[in-house]
Amino acid sequence: MVSTSAQLIFLCLFILFSATATTATDHIVGANKGWNPGMNYTLWANNNTFYVGDLISFRYQKTQYNVFQVNQTGYDNCTTEGALGNWTSGKDFIPLNEAKRFYFICGNGQCFNGMKVTVLVLPLPPPPSGSVAANSTPSGSAAPVVFHKGLVGLRAFVLAFASIWFGSGWI
């Protein structure tokens, strides 16, 4: 006979691993054209919806370009003075961690050639009622990033183990 505390622990583990997984979207600036001069990044941003927890990614030649997070004045005037962040790797992943408007520019003068983008980050929507909604990506420039990879198998293992350990009557 298994003790009540062991049953309680396994029940808690089962509930923990049965919880709904959260997902975030990685928005690749410029989609397959990347971070380059002469692009209409306003159009790109308007065709995407950004939520708290998403990522914005910049892909570019690191020897030619960079990314600065600036305020609205820096964005409007293409200046990096008082920049809030600076990235130079050529493959930058920047978390959009709060609901607000973010401003990004290229700091080597290419901002004047259109290398600037602003995105409005919205609060997370409330969880769907009923079953888990299917993940969908409205734009070809965004790739879902799932933070629960591997948990499905772990959930199945916990469920199978608990079923064998306690018998299938309680599940």
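These legends describe close-up views of one predicted protein model.

Residues are numbered from 1 along each chain as its sequence is written, and side-chain values use heavy atoms, with hydrogens and water left out. Because the model is predicted, local features need pLDDT of at least 70 and side-chain atom pairs count only at pLDDT 80 or more, while totals for chains, interfaces and linings use all residues.

**Figure 1. The overall fold has four helices and nine strands.** Helices (H or I, at least four residues) and strands (E, at least two) are DSSP runs, numbered from the N terminus. From the N terminus on, the elements run α-β-α-β-β-β-α-β-β-β-β-β-α. Of the 171 residues, 31% count as buried. Buried means under 20% relative accessible area, exposed over 50%, and partly exposed in between (1.4 Å probe, protein chains only). Contact means heavy atoms within 4.5 Å. Among contacts with a separation of 6 or more, 71% come from residues 24 or more positions apart. The protein exposes about 10300 Å², and carbon and sulfur atoms supply 58% of that area. Accessible areas come from the Shrake-Rupley method with a 1.4 Å probe; for residues, only the protein chains shown count as cover.

**Figure 2. Cys78 and Cys111 form a disulfide.** A disulfide is a covalent bond between the sulfur atoms of two cysteines. Here the criterion is a pair of cysteine sulfur atoms within 2.5 Å. The count comes to one disulfide. The sulfur atoms of Cys78 and Cys111 are 2.1 Å apart. The link is left-handed, with -65° about the S-S bond. It joins distant parts of the chain, 33 residues apart. Cys78 sits in the loop between helix H3 (72-77) and strand S5 (85-87), and Cys111 in the loop between strand S7 (101-105) and strand S8 (116-122). Both Cys78 and Cys111 are buried. Cys106 is buried, at 1% relative accessibility.

**Figure 3. Ala31 and Cys78 have a positive phi.** Most residues other than glycine have a negative phi. Ala31 is not a glycine, yet its phi is about 50°. Ala31 lies in the loop between strand S1 (23-28) and helix H2 (41-46). Its relative accessibility is 25%, so Ala31 counts as partly exposed. Cys78 is not a glycine either, and its phi is about 55°. Cys78 lies in the loop between H3 and S5. Its relative accessible area is 14%, so Cys78 is buried.

**Figure 4. Asn71 lies in the loop between strand S4 (67-70) and H3.** The side chain of Asn71 reaches the backbone nitrogen of Thr73 at 3.2 Å. Leaving aside neighbours within four places in sequence, Asn71 is in contact with Leu84 and Tyr103. Asn71 and Phe102 are 31 residues apart in sequence and 7.6 Å apart in space, C-alpha to C-alpha. At 37% relative accessibility, Asn71 is partly exposed.

**Figure 5. The count comes to two salt bridges.** A salt bridge is a side-chain nitrogen of Lys or Arg within 4 Å of a carboxyl oxygen of Asp or Glu. Arg59 forms a salt bridge with Asp26, with the closest N and O atoms 3.7 Å apart. The pair links distant parts of the chain: Arg59 is in strand S3 (residues 55-59) and Asp26 in strand S1, 33 residues apart. Arg59 is partly exposed at 25% relative accessibility, whereas Asp26 is buried at 7% relative accessible area. Glu98 and Lys100 also meet in a salt bridge (3.8 Å, N to O). Glu98 is partly exposed at 41% relative accessibility, and Lys100 is partly exposed at 29%.

**Figure 6. Ring pairs link Trp35, Tyr41, Phe58, Trp87, Phe102 and Phe104 into a cluster.** Rings of Phe, Tyr and Trp (its six-membered ring) pair if their centres lie within 6.5 Å; planes under 30 degrees apart count as stacked, over 60 as edge-to-face and the rest as tilted. The whole structure holds seven aromatic pairs. Among them, Trp35 and Tyr41 form a tilted pair, 5.1 Å centre to centre with 50° between the planes. Trp35 and Tyr41 are both buried. The rings of Trp35 and Phe58 have centres 4.8 Å apart and planes at 80°, so this pair is edge-to-face. It links distant parts of the chain: Trp35 is in the loop between S1 and H2, and Phe58 is in strand S3, 23 residues apart. Trp35 is buried at 0% relative accessibility, and Phe58 is buried with a relative accessible area of 0%.

How values were computed:
A polar contact is a pair of N or O atoms within 3.5 Å; within protein, one must be able to donate a hydrogen and the other to accept it, and residues adjacent in sequence count only if both atoms are side-chain atoms.
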